[in-house]
Amino acid sequence: MSALNRKLLRDLWHIRGQALAIATVIACGVSTVVMSFGTLESLEITRDAYYEQQRFADVFAHLKRAPASIRDEIARIDGVRSVDTRIVEAANLDVAGMDEPVLGRLISLPRRGAVALNQAVLRRGRLPDGKRPDEAILSEPFADAHGLLPGDQIQATINGHKRRLDIVGIALSPEYIYAIGPGVIMPDDERFGIVWMGREAMAASFDLKSAFNDVSLSLMRSADKSAVIRQLDQILAPWGGIGAYGRADQISHAFVANEMEQLRSLGNIVPPIFLAVAAFLLNVVISRIITTEREEIGLMKAFGYSNLAVGVHYLKLVLLITAVGVALGFLVGAWFGRAVTELYADLLFRFPVLYFRFDLQIFAAAGGVSLAASGLGALGAIRSAVNLPPAVAMQPAAPTVYHRGLLNRMGLSKGLSQPTLMILRHLGRWPIRAGLTTLGISMAVAILVASLFFFDAVEHLLDIYFHHGQRQDATVVFSEPRDIGAMVEIGHLPGVMAAEPYRAVAVKLHLGARSERGSITGLDGETTLHRVLDRDLNAVSLPHTGLVLSTQLAEMLNARTGMRVRVEVLEGRRPVVDVPVTSIVEEYIAAPAYMRRAALNKLMGEGRLISGVYLQVDSQYSGQLYRHLKETPAVAGVSLQTAALDTFRKTMAETLNIMLFFYVLFGALIAIGVVYNSARVSLSERGRELASLRVLGFTRGEVSYILLGELTILTLVALPLGCIFGLGLAHVMVSNLNTELFRVPMVVAPATFAVSMLTVIAASAASGLIVRRRIDRFDLVAVLKTRE
Amino acid sequence: MTRKAADEHVGSPTAFSVRGLTKVYGTGEAEVRALRGINLDLREGELVVLLGPSGSGKSTFLNILGGLDNPTSGTVSFQGQEITALGAGGLTQYRRDHVGFVFQFYNLIPSLTARENVALVTEIAPDPLSPEEALDIVSLSDRIDHFPAQLSGGEQQRVAVARAIAKKPDVLLCDEPTGALDSQTGIGVLEAIEQVNREFGTTAAVITHNAAIADIADRVVIFADGALSEVRVNERKIPAAEVSW
Ligand SMILES: Nc1ncnc2c1ncn2[C@@H]1O[C@H](COP(=O)(O)OP(=O)(O)OP(=O)(O)O)[C@@H](O)[C@H]1O
Ligand SMILES: [Mg+2]
């Protein structure tokens with residue numbers, strides 16, 4: 001090995017602490033990118049492969065009843081590849097230990113040998129025997145929620161008849177990655193489950209022999225989906241079709257797509273910021289390190305090493321450190337990415353298989369950015385060092401010119417000690433260096449604020465939604481719209497403290513070229529349970545006419561107050577009416593639309609019908625109440641707010657929390673890396689000066705004070721600055737994270753600022769201590785004899 | 001014998017030819033005229049000692065000879081080639097092929113051992129001594145694997161000399177090589193310089209504040225305030241071993 005390379009390795013070893021800190025910062029930047037995009041990529045290909053293998057349909061439609069012969073007519077629609085007709089019905093399930101009603105969705109299994117779409121994956125047990133009508137398969141999340149296994153039995157009320165079903169298998173379905181019951185907005189695996197049964201058994205139970213009530217289509221690549229949907233709607237209209245829809249409106253798919261979109265937005269914002277911050281820090285630190293090597297550069301040039309050789313030498317040092325960081329980042333990123341993907345796949349999405357893919361381009365981009373940042377940082381510093389004539393470069397850096405400055409002129413310096421003056425003069429002499437260090441530390445604060453704020457935002461959102469907006473304890477959903485009198489009945493049940501009716505209608509809203517499927521919720525004017533809130537969290541009374549849109553829906557339709565939206569009702573007599581938007585309200589979850597219930601009834605051309613009731617329940621009697629409701633045939637289901645809150649935390653929030661956990665972790669590491677490096681570089685820049693002070697008789701404390709005092713000042717300036725940057729980053733995140741399913745409010749709790757700043761303060765203190773220990777152990781003789 | 005030694009180089013070809021060399025640092029009020037039009041010829045194989053008060057321009061002069069710095073005006077030619085006209089690349093090549101330096105503050109690379117510090121230079125030289133040979137000349141064979149921090153000042157300076165002579169340079173430029181050393185150690189360093197000068201015919205220029213050292217020179221050049229106040233041939237050149245202070 002050449003002496004030069006040996007020097008390289010020894011130098012590297014000498015600055016190993018710093019090199020490690022730099023490599024850590026790079027690794028954090030790189031691994032965030034690799035992890036985020038790797039996870040996303042893996043989840044997407046896993047989902048797509050799952051869809052592909054299980055033949056997830058492209059178009060879905062539900063209807064009342066159609067004869068089997070209609071199937072051929074549907075198959076003839078241009079662009080349809082295959083048609084699957086099924087029987088899909090609701091049933092009440094009775095699970096031991098559950099007071100509340102549990103809703104089941106019964107789905108007929110395809111006949112043996114038939115081409116089926118939306119195929120379930122059998123996870124345990126077997127398929128039902130065609131000769132045994134009571135055999136059934138349960139969906140895995142539901143079975144898991146209740147601890148049910150093949151061999152167990154459950155009670156079900158099917159079309160009014162109580163039956164005992166034998167569980168023979170457990171399955172997963174691409175159609176129900178998230179199983180969301182009617183009338184609720186969140187998946188709740190305890191209260192809603194999928195049950196597959198034999199086609200014959202179901203046909204017999206629901207009187208649908210040689211008939212079907214549900215269609216799925218897969219389309220050819222070239223097909224015009226909206227044309228297919230239009231034609232399918234025409235064919236099914238006479239048979240009670242309620243509107244076909246594509247994947248985008250298939251609720252499970254929409255949910256999954258939404259979560260992935262959220263991950264993608266998060267991934268598009270945070271990792272690049274991390275990488276940029278890491279690159280910036282790298283650049284600053286590297287150029288400072290090179291600058292301290294000025295004399296050595298001059299010496300090598302004096303021996304006849306060319307600028308190129310010297311440049312390459314230092315570049316090697318820098319790139320070696322960077323390469324270690326990048327490699328570490330790849331490893332950690334791929335490892336975490338895999339772990340996180342598994343977490344998502346198992347806990348949240350329940351994919352039966354899992355594919356990993358880490359895009360080489362992402363690796364290359366992350367590595368390239370890091371190498372370029374450090375290379376450029378080094379090159380700049382190397383260039384200015386090699387451009388000096390060796391005689392100048394080698395001079396033990398000429399005493400820096402300091403000025404007496406403002407303080408002196410103002411006469412303020414009198415009371416200050418010499419060390420304090422040294423700190424202030426040093427800062428004043430190197431304002432850019434001080435500025436960059438401050439900027440670096442503040443970036444660390446900002447990253448933490450922008451990662452942590454998300455937890456505040458979600459808490460705030462939940463608080464608004466569940467404690468200010470939807471204050472009911474339970475929502476009762478009727479199987480069919482019923483007269484308002486039904487509410488009075490329910491209101492008299494034991495434990496009901498307050499009841500409020502609502503009417504929900506499935507609609508398609510059109511404005512200009514845009515249209516969105518959704519529902520309009522009709523509420524009474526003065527409500528106390530489900531309230532519509534304005535920005536200041538005050539309940540607003542719905543206007544007597546017109547439509548109230550949530551911000552999200554208004555954005556999706558590009559609607560503003562006063563515009564007329566075309567409402568196409570998808571149930572009942574299916575009226576189509578133009579309704580003006582009378583106001584827009586902020587809602588963070590879903591994208592609801594509201595009307596006065598009376599106005600909605602009028603629009604529907606119906607009497608005083610309601611779809612269900614919101615209840616406030618005395619928790620002492622809740623068990624009794626739910627058992628009662630379970631026995632009520634008109635009640636399709638009951639959803640509980642506490643369960644909704646839980647599932648919200650478990651699904652939506654969890655998805656992001658897992659990622660955010662890593663972001664916070666990496667953010668903290670970056671903070672530590674930055675501060676430590678700043679301290680260490682200052683130490684090597686000023687080691688000789690400080691050692692000389694020690695020789696002159698200054699105590700260790702005094703000397704440490706000079707260095708650490710400077711770091712303290714820079715950190716103190718950086719803290720508020722970092723909070724401001726953090727707010728800015730949070731704003732960027734908020735505007736990118738809004739999706740149909742939830743909007744992120746711009747809320748940063750004081751605790752978030754506090755934790756972010758404390759983390760950085762702790763990092764500063766720890767770095768300060770390390771540096772202080774080095775100052776204490778200064779070998780005064782060695783420092784003066786050789787160069788650091 | 002000494003007389004003869006002094007005359008020995010009279011007929012030798014010129015190594016350095018310095019004409020009208022000036023160096024000005026800074027501008028305006030802060031202007032320092034470090035060199036004010038120096039004219040001097042150094043012959044090949046000659047050993048020259050530069051004397052003069054502090055700040056008189058000796059280091060500046062030597063640095064320009066060595067291609068470490070550029071003059072403000074004037075020319076320096078080495079073996080007929082005008083080095084003051086060379087660019088950065090040319091100067092690098094010049095230093096690499098012809099010049100060995102010894103600095104007052106040793107300037108060893110702290111992370112390399114004695115042997116490696118020498119190797120740093122021999123690796124890029126065309127026909128060098130081995131690091132071991134070079135260190136042997138300065139009698140440091142037993143400290144070969146020590147790091148600079150583990151060597152005394154005199155030992156470090158001898159490593160620096162070994163480093164300078166290892167490439168068998170055509171010129172050896174030494175800026176106060178004994179400034180920080182006691183007389184015994186200093187003499188050891190001087191002997192090494194003398195040996196290279198004698199054995200390889202290396203042209204050597206040695207800056208010193210110690211007038212006694214002038215006795216080992218063929219010629220003595222005395223600086224004063226950026227100019228040459230006196231250039232004299234040393235009538236009684238004596239070996240370094242016989243010098244004392
Ligand atoms: N980089 C510089 N900038 C400004 N002035 C300089 C610089 N380097 C040297 N000088 C000035 O040039 C003059 C000559 O300096 P030089 O180092 O050549 O003196 P010297 O004869 O070697 O002195 P000493 O014996 O003390 O080493 C001095 O007045 C010095 O102050
Ligand atoms: Mg000098």
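**The ligand shell and its surroundings**

The shell around ligand 1 is made up of 8 polar, 4 nonpolar and 2 charged residues. This picture, like everything that follows, comes from a predicted model. Ligand 1 sits between chains A and B. Of the 14 residues around the ligand, the ones that come nearest are S54(B), G55(B), K58(B), S59(B) and T60(B).

Which elements of chain B supply at least two residues each to this shell? They are strand 2, covering 32-43, and helix 2, covering 58-65. Helix 2 of chain B gives the most, with 3 residues.

The side chain of S59(B) has an N or O atom 2.6 Å from an oxygen atom of the ligand. For H209(B), again through an N or O atom of the side chain, the distance to a ligand oxygen is 2.9 Å. S56(B) takes part through its backbone instead, with an N or O atom 3.2 Å from an oxygen atom of ligand 1. As for cover, ligand 1 taken alone exposes 630 Å², and the protein buries 66% of that.

Moving on to chain A as a whole, its 788 residues include 55% that count as buried. The chain has 22 helices and 22 strands, and its C-alpha atoms fill a box of roughly 100 × 60 × 50 Å along the principal axes. How do the contacts run along the sequence? Among contacts in chain A with a separation of 6 or more, 82% join residues 24 or more positions apart.

Helix 17 of chain A, residues 597-604, gives a closer look at how parts of this chain are covered. Of its 8 residues, 6 are buried, so the helix counts as mostly covered. Those buried residues are R597(A), A599(A), L600(A), N601(A), L603(A) and M604(A). Their cover includes a set of strands from chain A: strand 13 (496-511), strand 14 (514-523), strand 18 (564-569), strand 19 (576-585), strand 20 (593-596) and strand 21 (609-617). Just after the helix comes G605(A), which takes a positive phi of about 65°.

Elsewhere in chain A, T46(A) belongs to helix 2, which spans residues 16-53. Is T46(A) buried or exposed? T46(A) counts as buried because its relative accessibility is 0%. A polar atom of its side chain lies 2.7 Å from the backbone oxygen of S42(A). With neighbours within four places in sequence set aside, T46(A) touches F351(A), V353(A), L354(A) and Y355(A).

I109(B) is in the loop that runs between strand 6 (99-102) and helix 4 (114-122) of chain B, and with a relative accessible area of 0% it is buried. Which residues is I109(B) in contact with, leaving aside neighbours within four places in sequence? From chain A there are K7(A), E296(A) and L299(A), and from chain B there are N117(B), L120(B), P148(B) and R163(B). Q195(B), by contrast, is 86 residues away from I109(B) in sequence, and their C-alpha atoms are 25 Å apart.

Two residues of chain B, neither of them glycine, have a positive phi: near 50° for E176(B) and near 55° for D225(B). E176(B) is in the loop between strand 7 (171-175) and helix 7 (183-199), while D225(B) is in the loop between strand 9 (219-224) and strand 10 (227-233). Their surroundings can be set side by side. E176(B) counts as buried because its relative accessibility is 14%, whereas D225(B) counts as exposed because its value is 52%.

Finally, the cysteines. How many disulfides does the structure hold over all chains? The count is 0. Two of the cysteines can be described by their cover: C723(A) counts as buried because its relative accessibility is 11%, and C174(B) counts as buried because its relative accessibility is 0%.

Notes
Residues are numbered from 1 along each chain as its sequence is written. Chains are lettered from A and ligands numbered from 1 in the order in which they are written. This is a predicted model: local features need pLDDT of at least 70, side-chain atom pairs count only at pLDDT 80 or more; totals for chains, interfaces and linings use all residues. Side-chain values use heavy atoms; hydrogens and water are left out. A disulfide is a pair of cysteine sulfur atoms within 2.5 Å. Buried means under 20% relative accessible area, exposed over 50%, partly exposed in between (1.4 Å probe, protein chains only). A residue is near a molecule or strand if one of its heavy atoms lies within 4 Å of it. A polar contact is a pair of N or O atoms within 3.5 Å; within protein, one must be able to donate a hydrogen and the other to accept it, and residues adjacent in sequence count only if both atoms are side-chain atoms. Accessible areas come from the Shrake-Rupley method with a 1.4 Å probe; for residues, only the protein chains shown count as cover. Helices (H or I, at least four residues) and strands (E, at least two) are DSSP runs, numbered from the N terminus. Ala, Val, Leu, Ile, Met, Phe, Trp, Tyr, Cys and Pro count as nonpolar, Asp, Glu, Lys and Arg as charged, and the others, Gly among them, as polar. Contact means heavy atoms within 4.5 Å.
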